[in-house]
Amino acid sequence: MRMPARAEDITKTEPTPWHIFLVLAQINTLTLGGGYVIVPAIGNAFEKQGWIEEEEFYRIFSRAQVFPGPIALSTAFLASYRIAGVPGAIAAVLGTVLPPFFALILVGGFISLYGNTELFKRFLGGAGAVVPGLVASMLWKTTKNRKWSVRAVIEVVGLAILLVVFPSAAFFLLLGGIAVFYIGRLVWKS
Amino acid sequence: MEILSVSLAFFKIGIVAFGGGWSVVGLIKHEIVPRWMNAEAFNSLIAIAQSTPGPIALNAATLVGWQKAGFLGALAATFSVILFPLLAMSSALAFAKYIPLKRSLADESLRSGSMAMILMTLWTLLPRTALPMPWIFALAAFGITAFTKLNAVYVILGAGALNMLIGALH
């Protein structure tokens, strides 16, 4: 389904797997800041190319959140599958994974060269020190944006305590916890 | 076999990586600290993963794989962390009709799970020291990113630069 013709039509490309790869690779090379910055950038680019309507893209985004893994990957995967089938989905994986991979190889090489210099250690120390603050701010934002119920508070706090006390069982606690929440919500509607 | 154990660790992380990058950081830490690095090096790793292009779990996998087993290690760890998500999505696309999942209930359950993970992540990452510097940096970063629209990347890079400056002044 193509968007109505517009002036910028000239710059548009056909939704071939190669073009999907190029668009995603460009976004994933240039966008810093994780999934919630990358996803809108993808939506914007796909919509401008006339490959998918914004509303449909965000419907796919909300479905992508059911799956584990980086949200930028799952959204790109499902949206590109919708646009160009299995080859599109493969292009999406490569376009999402390859640019950061090579960027990180470069960074890794840089660290093994300069990682032991005093200056670089200070840089990493400062950069690492802000990380707990960034997590706290993510927690603050998700807390603010959720509609809370007694049930949700019990679920979150209960599971968090279990995770902190039994971190080595985290894997099973999470899978089990989410299953229990789901079944609980299914059989006992509050 | 470092490559195998790194891959297995990140394969497991990929299975439970729900709800955006930050939530899974606590689990990643539990898998690799103190087995492969100390807590401080881990925080730096996460700062690097967040301020380079690409998803944080993916970048962390690439970096850890690279540090433990070179290029092949990076390749294997990166592939491992996306393996399960890709399988899950492919099977969902193939068998969507046969999965009687109530979407709104599943969404709420996953939201609870991922928020519990973020809480755990925060608890795991809190500075285990009475030194003021880590606390000041963390609190300032919280204030800036929670109440302004500034991209966290600039906070990370700025804090690194500031700490270099402090070091130079000493």
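Guide: We may begin with a helix crossing: that of α2(A) and α3(A) is right-handed. A crossing is left-handed if the near helix is turned anticlockwise from the far one by less than a right angle, and right-handed if clockwise. Helices are DSSP runs (H or I, at least four residues), numbered from the N terminus. This is a predicted model, in which local features need pLDDT of at least 70 and side-chain atom pairs count only at pLDDT 80 or more, while totals for chains, interfaces and linings use all residues. Residues are numbered from 1 along each chain as its sequence is written, and chains are lettered from A in the order in which they are written.

Visitor: At what angle do the axes of α2(A) and α3(A) cross?

Guide: Axes are lines fitted to C-alpha atoms, for helices over the stretch in contact, and angles run from 0 to 180 degrees between N-to-C directions. Here the axes of α2 (residues 35-48) of chain A and α3(A) cross at roughly 145 degrees and come within 10 Å.

Visitor: Which residues of α2(A) and α3(A) meet?

Guide: Two residues are in contact if their C-beta atoms, placed from the backbone, lie within 7 Å. From α2(A), A:V39, A:G43, A:F46 and A:E47 meet A:E54, A:F57, A:Y58 and A:F61 of α3(A). This contact divides into 5 nonpolar, 1 polar and 2 charged residues. Ala, Val, Leu, Ile, Met, Phe, Trp, Tyr, Cys and Pro count as nonpolar, Asp, Glu, Lys and Arg as charged, and the others, Gly among them, as polar.

Visitor: Why is A:R59 classed as partly exposed?

Guide: A residue is buried if 20 or more other C-beta atoms lie within 10 Å of its own, exposed if 12 or fewer, and partly exposed in between. A:R59 is partly exposed because 15 other C-beta atoms lie within 10 Å. This residue belongs to helix α3 (residues 54-64) of chain A.

Visitor: How many residues does each chain give to the contact between chains A and B?

Guide: Chain B gives 84 residues and chain A gives 74. The side of chain B that touches chain A comprises 56 nonpolar, 23 polar and 5 charged residues.

Visitor: Where in chain B is there a cis peptide bond?

Guide: The cis bond joins B:V33 and B:P34, with omega about 0 degrees. B:P34 is placed in the loop between α2 and α3 of chain B.

Methods. Helix = DSSP H or I, 4+ residues; strand = E, 2+ residues; numbered from the N terminus.
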